[in-house]
Amino acid sequence: MTKLIDTLLSRLDRAAESGSRAQARSHGRRSFLARLGGTIVGAAVMTPILPFDRRANAAAGAGGDVCAYWRNCALDGFLCQETGGSMTSCPVGSEASAVSWVGTCHNPEDERDYLVSYNDCCGKAMNTTATFCFRSERERPGYRMGLYNDINWCMANSDAQGYYCTVAVVVGQAT
Amino acid sequence: MILRTALTVTLSGLAAQVMAQDVPPPIEPETLTVEEAIAPGPNLFAIDSSWSGVSNIFIVGADDLSMKGNVSPGMQALMVLNAAGTTVFSASNYLERIAYGPRTSIVHEFDVETASITREIEIPAKIAMVEVQPGLMSLVDDEKYLLVQNATPATSVTVVDLEAGDVLAEIPTPGCWIIIPAVTGPKFTTICGDGTFASFTFDADGSFGDPAKSEVIFDPDGDALFTNGARVGEMMVFASYEGNLFVVDDSGDVPVLTETIAMTDGIDGNFAPTGSELITYHEGTGVLFVLMHGDAYDGSHKDDSTEIWAYDFAARELLYRSNSNGENSLLMAQTETPRLYGAGGNAIYVYDIDPAARSAARLVDSFDGIGSISMMATAE
């Protein structure tokens, strides 16, 4: 039982650490979009909650910092889930990007690493009331284009190339 | 009673006289004009590149940050300034319906003195839709050619012949990113995802050969390079995520790594470079300035800077660590007394550098609220 509590507290510490780190980030290459009105990562107040109440943290890190959620580890953009979409779906009437960048994120719940496809959703005006996340774990410059989160991934769409928001879709387990 | 009446009349007359003297003459009808030129003096160019509409290249006084004017390219605007500081080029995108619709990509040539468009050149609609950086657009071969980074996401470089005012070539650069203009000749070097550098040369007729690939220079997985480096003579100096400086000679046929310098050795606090235009060099004093942050971890390479490090390149010595203001972009003016500009958090900062005090940076001015400035340029 003690070990279980230690594990849970350890997870909470990691999430809290991630959240506090996140508060330092405000100047991403795409984070200039956030000055239009969105809430930048880490701006949420860190409110302690019980670590084993998973429902409260279904898609958020500690204290409700949605950007600290594990699968957002390299996400740089507005969250589609706050614009009528979800973590894995673009908002209605928009178009998913034909290409994407990929993060490798560690899920503390099952201690596995997952490949996460960050697709931009395209073709509409940005919803600047949505949270803007900016994390860059294992992110690399454009010479590793598939890991690069500074670029508009709507670039390859045939018609809808305007950046709208970003989703985080698990595409497999990292090996 | 008579005396009272006389006094009243006298005072009323005096008051009327005073009022008449206080009322200024009416404003004459004015004539609307348009300023013919920006205010004189050296300039600093600061770009606020938009992803949802028109971008903004501000022209401010290099000495006092006074606002002189601006020019207005389209979305995801890139920028490069000619050496004389008289012409600024921008490449940007126009979606026909702003959020969607066919894309047109345009190179604008702006005259600085009149802050006006002098030329438009349409180029392939492949410009990298990315936040502006110096390495995404360059002038080479005595400014005969303009180079623009493409990403579809396949990477290539569009070559614009500025004398002809037309596209000369599109050079594929698969797996490579950024344009490092050669000091002389129609040539550029780029950084590749396999850890090599590759140099490309082209001819006046638009033909080009295979790239000249270097040996492996860096480890993109273990110690990735930031892509915006500093020109130090015939060398380029790049900072790495782990705090090393990679010195690359791009003057020969094939790029060569000449030295790797461990900049953070012996420094407590797990400091590492951070930002985008994070390294700049002052030729007169031979000092590099690098944006740094402490408590670095995987993913913190774009966090706000906390310090500006002054590094004597010739002596390979860390001279001074000054506090920064969270900037992610630096630009050194090549003035006799070094003047350093920083940008971040919707502000521009100006630092005086004191060579007699180990190149310590002292904040002397700022322009708050100018916009989300990602890159600056000056001919100073």
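Visitor: How many residues separate β2(B) from β3(B) in their hairpin?

Guide: Five residues lie between β2(B) and β3(B) in this hairpin, and Leu65(B) in the turn has a positive phi of about 60°. Strands are DSSP runs (E, at least two residues), numbered from the N terminus, and two strands pair if DSSP finds at least two bridges between them. The model is predicted: local features need pLDDT of at least 70, side-chain atom pairs count only at pLDDT 80 or more, and totals for chains, interfaces and linings use all residues. Residues are numbered from 1 along each chain as its sequence is written, while chains are lettered from A and ligands numbered from 1 in the order in which they are written.

Visitor: In which sense do β2(B) and β3(B) pair?

Guide: Strands of a sheet pair through backbone hydrogen bonds, either parallel or antiparallel. Here β2(B) (residues 56-61) and β3(B) (residues 67-71) pair in the antiparallel sense over four bridges, with Ile57(B) opposite Val71(B). β2(B) also pairs with β1(B) (residues 43-48), antiparallel over six bridges; Leu44(B) has Val60(B) as its bridge partner there.

Visitor: Which strands form the open sheet, and in what order?

Guide: The order is β25-β26-β27-β28 in chain B, with antiparallel pairing. β25(B) (329-333) and β28(B) (360-368) stand at the edges with a single partner strand each, so one side of each is left without a neighbour in the sheet. Direction ignored, neighbouring strands are turned by 25° against each other on average. Eight bridges join β27(B) (residues 347-354) to β28(B), and Asp354(B) stands opposite Ala360(B).

Visitor: Which residues have the most contacts inside the largest nonpolar core?

Guide: In soluble globular proteins, nonpolar side chains tend to be buried together. The largest nonpolar core here has 145 residues, and Phe45(B) and Met79(B) have the most contacts inside it. Strand β22(B) (residues 287-293) gives the largest share, six residues. Domain 1 (37-121) and domain 2 (263-380) of chain B both contribute, so the core lies between them. Beyond its neighbours within four places in sequence, Phe45(B) is in contact with residues including Ile57(B), Met79(B), Val88(B) and Met376(B). A contact means C-beta atoms, placed from the backbone, within 7 Å. A core joins buried Ala, Val, Leu, Ile, Met, Phe, Trp, Tyr and Cys residues through C-beta atoms within 7 Å; buried means 20 or more other C-beta atoms within 10 Å.

Visitor: How many residues of chain B are in contact with chain A?

Guide: 41 residues of chain B are in contact with 36 residues of chain A. On the chain B side, β12(B) (176-181) and β13(B) (187-192) each supply at least two residues, and β12(B) gives the largest share, three residues.

Conventions:
A residue is buried if 20 or more other C-beta atoms lie within 10 Å of its own, exposed if 12 or fewer, and partly exposed in between; C-beta atoms are placed from the backbone. Domain bounds come from an automatic or database domain assignment. Two residues are in contact if their C-beta atoms, placed from the backbone, lie within 7 Å. Axes are lines fitted to C-alpha atoms, for helices over the stretch in contact, and angles run from 0 to 180 degrees between N-to-C directions.
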